[in-house]
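Visitor: I have the viewer open and some questions ready. Shall we take the model piece by piece?

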Amino acid sequence: MATQVQVSRIDVLSRPKPIPPGHIEDRRSVYWIDRAPPTVGPDGTTKCRMNKHQLSLVKVKDLHPEYLGDRPTPIWAVSLGALGAKPRPRLDVLCRPKALPADYQPKRSVYSTVPESAKRFEATGRLEQLAAPKMYGELKIKNDTEWDWGEWRSEIPPAAMKATATPRVETLSEAKRWHPEFLANRTVQWAVSDNAKTSIATIRLQQLSRPKSRGGNDDYDPYKVPRPALLAQASSRISELSTPIPRKVRQKKIV
């Protein structure tokens, strides 16, 4: 009598899940095909059989009956008739080069040719004066001991120092006055007026400034929902307004 071997629960769970009889493996390609692709044969190559249409597509395309290929050589053989032909008068006229206009001037050479008269030319006094470089006065460079303002001679002429401005210049040199209604920027610290310090709030202002009375309840919690609000029932109009639009209602999927 054979003995039964006790198999633990872990051994049963560790076994791979059996494949059902009608299982089909996933396709190897994302493209749909009519039949399974050919597989590699015993010799390591894939043998395929083409149909008539595929055989016709792999054939070389036939050339057009009137097609003329390239010449075998760039040297064209001239016939004897062409060698002994004589051109007509009209052909002689057409083969002549086109005549240039009467006012045509060719391009000048890059190298200018100086005439002999220009070589023997003597410049005038005015031309020599214009050709001479401009002479600048020496810049005043201060040494280390000459930086004091008192050691410098003023470049302002004495007549300009003693000049007196005209009434019009003095009028223009006056600063522009502010507009009568101009208000400058207020300071950061505002001075409180005496009237504001001694003012008394009205009865209405005192009523608005008082905190809301809770009836002596110091442990009031504003986030606590009262009992009547929990037991309240919405009216028919509120229920109608809170109902979603029928076209937007989706049934819940039950798995």
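Visitor: Is L57 buried or exposed?
Guide: This is a predicted model, and the label rests on relative accessible area. A residue is called exposed when that area is over 50%. L57 comes to 58%. The class of L57 is therefore exposed.

Visitor: Where does L57 sit in the chain's secondary structure?
Guide: The element spans residues 52-57. L57 lies within that run. The element is helix α2.

Visitor: Which residues make the nonpolar surface patch of about 390 Å²?
Guide: L57 is one of the members. A nonpolar patch takes in residues with over 30% relative accessible area, and L57 has 58%.

Visitor: How many helices and strands does the chain have?
Guide: From the N terminus on, the elements run α-α-α-α-α-α-α-α-α-α-α-α. The strand count is 0. The helix count is 12.

Visitor: What share of the 255 residues is buried?
Guide: To count as buried, a residue needs a relative accessible area under 20%. The share is taken over the 255 residues in the chain. Buried residues make up 0%.

Visitor: What part of the accessible surface belongs to carbon and sulfur atoms?
Guide: The accessible surface of the chain comes to about 29,500 Å². The share of carbon and sulfur atoms in that surface is 57%.

Visitor: How many salt bridges are there?
Guide: Side chains of opposite charge can pair when their charged atoms come close. Here, E116 and K119 meet at 3.7 Å, N to O. E240 and R237 meet at 3.4 Å, N to O. The count comes to 2.

Visitor: Which helix holds both E116 and K119?
Guide: The two residues are 3 residues apart, about one turn of the helix. E116 is partly exposed at 47%, whereas K119 is exposed at 56%. Their helix covers residues 116-119 and is α5.

Visitor: Which helix holds both E240 and R237?
Guide: This pair is also 3 residues apart, about one turn of the helix. E240 is exposed, with 52% relative accessible area. R237 counts as partly exposed, at 48%. The helix runs over residues 236-242 and is α12.

Visitor: How many aromatic pairs does the model show, and what is its geometry?
Guide: The count comes to 1 aromatic pair. W178 and F182 form it, 4.5 Å centre to centre. Their planes are 10 degrees apart, and the cut-off for stacking is under 30 degrees. The geometry is therefore stacked.

Visitor: Is F182 exposed or partly exposed?
Guide: F182 has a value of 41%. Exposed requires over 50% and buried under 20%, so F182 falls in between. F182 is partly exposed.

Visitor: Which residue lies over the face of W190?
Guide: The distance from the ring centre is 3.5 Å. The cut-off for a charge over a ring is within 6 Å. The residue over W190 is R186.

Visitor: At what distance from the ring centre of W76 does R71 lie?
Guide: R71 sits over the face of the W76 ring. The distance from the ring centre is 4.0 Å.

Methods. Residues are numbered from 1 along each chain as its sequence is written. This is a predicted model: local features need pLDDT of at least 70, side-chain atom pairs count only at pLDDT 80 or more; totals for chains, interfaces and linings use all residues. Side-chain values use heavy atoms; hydrogens and water are left out. Rings of Phe, Tyr and Trp (its six-membered ring) pair if their centres lie within 6.5 Å; planes under 30 degrees apart count as stacked, over 60 as edge-to-face and the rest as tilted. Buried means under 20% relative accessible area, exposed over 50%, partly exposed in between (1.4 Å probe, protein chains only). A charge sits over a ring if NZ of Lys or CZ of Arg is within 6 Å of the ring centre and within 35 degrees of the ring normal. A salt bridge is a side-chain nitrogen of Lys or Arg within 4 Å of a carboxyl oxygen of Asp or Glu. Helices (H or I, at least four residues) and strands (E, at least two) are DSSP runs, numbered from the N terminus. Accessible areas come from the Shrake-Rupley method with a 1.4 Å probe; for residues, only the protein chains shown count as cover. Patches are made of residues with over 30% relative accessible area and no salt bridge: like charges are joined within 9 Å, nonpolar side chains (Val, Leu, Ile, Met, Phe, Trp, Tyr) within 5 Å.
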